[in-house]
Every structure is written in structure tokens, then in C-alpha cells.
Amino acid sequence: MAIYTEISFRDMEPSPAVEVLVHKHVRKLESSFNNITACRITVEAPHKHRLRGNLFNVRIDIAVPQAEVVSTRDAGVNVAHEQVSVAIRDAFTAVRRRLTRHKAKLRIDHHIPAALPTGVLKKISHIDDFGIIETSDGREIYLHRNSLVTGNFDKLKTGDILRFNEELGEKGPQASSAHWNGRHSVKQIEPNASEDAV
């Protein structure tokens, strides 16, 4: 799923080269953090009065489930930020560290209680960001990409086992949080030789 990305420029002309660089960094983030829903980047060159050139400020706002992760690289901190590429790189490095901490916190806060109900993934749509979990009694539970706390949504397959917290949504029961619990193994039943005998 492509992350919604919004790039804005302040006190400087919009730059296609900067936009390409930002999108490259966003794709790298997406490969490591699969539950980012939006990324807003502001590139600013506010210090035009300096003799050595502009020092760029870069602010990144990342929307993830249950939080917003923000990283700001202030031009006053690093003279190397006269190069916009360095300022962008440093801002994305900082936001990556914050996302890693947020991900670890989610794992701690959403430990998997033994009593959580378990179901088998009956349907999965990676394009539309949802799946359907079927419980042992035949009920269907809606699963959205953002509800998956542990596991990688893009690697889910039908037959996977999920443990989940259930809540009532607009369209019926849905998983408020879900945890990947492994692959569902189906044993092949070999025909009994005695049954085949005439």
C-alpha cells in the first residue's frame, strides 16, 4: 500500500528533485513499518540572511495507529544542513528511530493475553486493506490493516491463524486489534487401504 505523502515547501521554490528524494525515503520507511497511513513533510529554508547559504529545516509528521510521530531537524543544530539532502536524510533517520520506539511500545502495550479468541483468516485483500476472520463457530470478524498489531499485513494468507480483540463496528463485529499466530496446517487425509479394497 502506498503511503499518502504530502510535501510542502516554505520560503523556497518547490523542487522536483527534493520531491523525488523524499519519496525515496518514504518508500524505505514503508518497507520497515507497514502500518503508516500518512506522511507529511515540510522543507523550509528560513535563514536567507546567513552569508554561508540557507540552512534547511525539515519537519516530518507520520500518522500511525494510536499516535502521530513527529521529527524536526532544526537548521541551527547542524551546519551540514546547508545541503537539503543532508537535512532530509537526518530527519528521516530521526523519525525512523521514533517509529522503532513506537513499534516496541505497541508490542509491550498490546501483549497477547492467553484468553483472546482465535480465528482463521478466511479472506484477505491486500489492495483494499482488509480481511475476514472466521471463528470456530462460523462467525465472520472484519479485520482492517491498521488493526494488525503483530505480524505483517502484506504477508498474511488465507488460512493464517489470528488472535484478536473484538468490538462492534459500523458493519458488524470487527477486530480492534489482531495478532498473527502462525499458519493453519491442514493435514492431508490418506485413503484407508481397507476402504479401497473390494
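The largest nonpolar core here has 26 residues, and Ile41, Ile60, Ile62 and Phe92 make the most contacts inside it. By nonpolar core we mean buried Ala, Val, Leu, Ile, Met, Phe, Trp, Tyr and Cys residues joined through side-chain atoms within 4.5 Å; buried is under 20% relative accessible area, exposed is over 50%, and partly exposed is in between (1.4 Å probe, protein chains only). Two or more residues each come from β1 (4-10), α1 (16-32), β2 (38-44), β3 (57-64) and α2 (84-109), with α2 giving the most, 7 residues. Helices (H or I, at least four residues) and strands (E, at least two) are DSSP runs numbered from the N terminus.

Keep in mind that this is a predicted model: local features need pLDDT of at least 70, side-chain atom pairs count only at pLDDT 80 or more, and totals for chains, interfaces and linings use all residues. Residues are numbered from 1 along each chain as its sequence is written, and side-chain values use heavy atoms, leaving out hydrogens and water.

Back to Ile41: beyond its neighbours within four places in sequence, its contacts (heavy atoms within 4.5 Å) include Val22, Val26, Ile60 and Phe92. Apart from this core lies another, of 12 residues, among them Leu121, Ile141, Leu148 and Phe153.

Ile141 also belongs to the covered face of β7 (residues 140-144), together with Leu143, while Glu140, Tyr142 and His144 make up the uncovered face. Strand β6 (residues 130-135) pairs antiparallel with β7 over 5 bridges; pairing takes at least two DSSP bridges between strands. Ile133 stands opposite Ile141. The two strands form a hairpin with 4 residues between them, and Gly138 in the turn has a positive phi of about 90 degrees.

Now for the charges. A salt bridge puts a side-chain nitrogen of Lys or Arg within 4 Å of a carboxyl oxygen of Asp or Glu, and the count comes to 8. Here are some of them:

| Glu6 | Arg40 | 4.0 Å |

Glu6 in β1 and Arg40 in β2 are 34 residues apart. Glu6 counts as partly exposed because its relative accessibility is 35%, and Arg40, at 36%, is partly exposed too. Asp129 and Arg145, in contrast, are both buried. Asp137 is exposed, at 56%, whereas Arg139 is partly exposed, at 33%. Shared partners join Asp129, Arg145 and Asp154 into one salt-bridge network.
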